[in-house]
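Q: I have a protein model open and would like to learn how to read it. Could you take me through its features one at a time?

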Amino acid sequence: MKKMSRLFLTAAVLLLAACASQKPTVKTEASYYSEAHDALKAGNYSVATAGYEALESQYPVGNYTEQAQLELVYGRYMQGDYASAIAAIDRYMRLHPESANLDYVFYMRGLSNFAIDQDAILKRLPINMAHRDMGQAKVAFDDFRQLITRFPSSQYNADAHQRLIYLRNQFAEAELHVARYYEMRGAFVAAINRARWIVENYPESQAVPKALSILVNNYNALNMKDLAAQAQDLLKTIEPSKKAG
């Protein structure tokens with residue numbers, strides 16, 4: 001009996017010694033980054049973003065931490081989680097205000113704000129996107145504008161410029177929609193004010209000829225013939241073959 005007790009005691013001691021010698025495996029920072037980066041390149045964005053977050057949790061100040069924070073932005077964006085992408089961008093900007101990658105960060109912020117307003121279901125419906133609330137689009141516009149202003153040599157400026165043109169046309173179309181609403185209800189002064197806003201603030205937009213037509217029609221409705229003639233002359237210089245109507 002005593003012999004068996006000694007055997008059990010010996011076995012327990014050996015088991016405890018073995019457990020003590022087995023230390024938990026901790027991945028290196030490079031391993032965390034490599035695995036997450038490979039997942040990102042393969043399009044496994046959920047795996048990639050989880051990996052970048054794990055890296056920062058284990059190595060909050062490391063050789064790969066800033067790059068992981070940057071790539072997390074792209075991963076979130078590609079997941080379609082635009083709100084989280086924007087949150088990651090804002091955090092990156094706070095932590096790295098002098099980063100050489102700020103132009104890219106502003107670009108991604110613009111893309112995320114641009115995309116967050118483009119609801120996948122509504123885009124399939126016969127709805128003019130300019131007739132919706134343009135608040136988020138205006139934030140995206142400011143992001144792209146800051147990118148071009150602060151980083152005039154950035155490689156992302158060409159695309160940002162095209163998006164600014166698109167957004168400017170959307171803003172003008174939204175104002176045009178309101179001007180037509182007022183015109184249909186006989187609110188001639190309100191229609192004129194909206195149309196003038198388009199001509200004065202979005203002079204290069206596609207909505208300008210239609211805005212001028214609204215000016216001609218509503219000035220005539222108010223018997224303001226001189227102003228109607230001025231708007232008509234301006235309309236002719238833009239589109240010589242068109243008349244208000």
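Q: Let's begin with the rings. Which residues do ring pairs link into a cluster?
A: This is a predicted model, so please read everything we say with that in mind. A pair of aromatic rings is described by the distance of the centres and the angle of the planes. Here, ring pairs join Y104, Y107, F144 and Y156 into a cluster.

Q: How many aromatic pairs does the count come to?
A: The count comes to 11 aromatic pairs. One of them is formed by F114 and Y166, whose rings are edge-to-face, with 5.8 Å centre to centre and 65° between the planes. This pair links distant parts of the chain: F114 sits in helix α6 (residues 102-116) and Y166 in helix α8 (residues 157-184), 52 residues apart.

Q: Is F114 buried or exposed? And what about Y166?
A: The cut-off for buried is under 20% relative accessible area. F114 has 16% relative accessibility, so F114 counts as buried. Y166 counts as partly exposed because its relative accessibility is 35%.

Q: Which pair do Y181 and Y182 form?
A: Y181 and Y182 make an edge-to-face aromatic pair, with 5.8 Å centre to centre and 65° between the planes. Y181 is partly exposed at 43% relative accessibility, and Y182 is partly exposed with a relative accessible area of 27%.

Q: How do I read the surface and the inside?
A: Start with the totals. The accessible surface of the chain comes to about 14,800 Å², and 55% of that surface belongs to carbon and sulfur atoms. Of the 245 residues in the chain, buried residues make up 38%. Contacts tell you about the fold too: among those between residues at least 6 apart in sequence, 53% join residues at least 24 apart.

Q: Which residues touch the most other members of the largest nonpolar core?
A: The general idea first: in soluble globular proteins, nonpolar side chains tend to be buried together. In this model the largest nonpolar core has 49 residues, and Y107, M108, F144, L167, F171, I198 and L215 touch the most other members. Each of α4 (65-79), α5 (82-95), α6, α7 (135-150), α8, α9 (188-201), α10 and α11 (225-238) supplies at least two residues of this core. The largest share, 9 residues, comes from α6.

Q: What does F171 touch, leaving out residues up to four places away in sequence?
A: F171 touches M134, A137, K138, F141 and Y202. There is also a second, separate core of 11 residues, and Y32, A39, Y52 and L72 are among them.

Q: Where does V208 lie, and is V208 buried or exposed?
A: To place a residue, ask for its element, its accessibility and its neighbours. V208 lies in helix α10 (residues 208-221). V208 has a relative accessible area of 4%, so V208 is buried. Leaving out residues up to four places away in sequence, V208 touches I198, Y202, P203 and I238.

Q: Where is N223 found, and what is the value of its phi?
A: N223 is found in the loop between α10 and α11. Its phi is near 60°, a positive value in a residue other than glycine. With a relative accessible area of 57%, N223 is exposed.

Q: Last one: what is the mean pLDDT of the chain?
A: The mean pLDDT, a score of the predictor's confidence, is 86, and 80% of the residues reach 70 or more. Over residues 7-18, however, pLDDT stays under 50, and the model has 0 contacts beyond four places in sequence for them.

Conventions: Residues numbered from 1 in each chain as written. Heavy atoms only, no water. Phe/Tyr/Trp six-rings, centres within 6.5 Å; stacked < 30°, edge-to-face > 60°. Helix = DSSP H or I, 4+ residues; strand = E, 2+ residues; numbered from the N terminus. Buried < 20%, exposed > 50% of the residue type's maximum accessible area, 1.4 Å probe, protein only. Contact = heavy atoms within 4.5 Å. Areas by Shrake-Rupley, 256 points an atom, 1.4 Å probe, with all protein chains shown as cover. Core = buried A, V, L, I, M, F, W, Y, C linked by side-chain atoms within 4.5 Å. pLDDT = per-residue confidence, 0-100.
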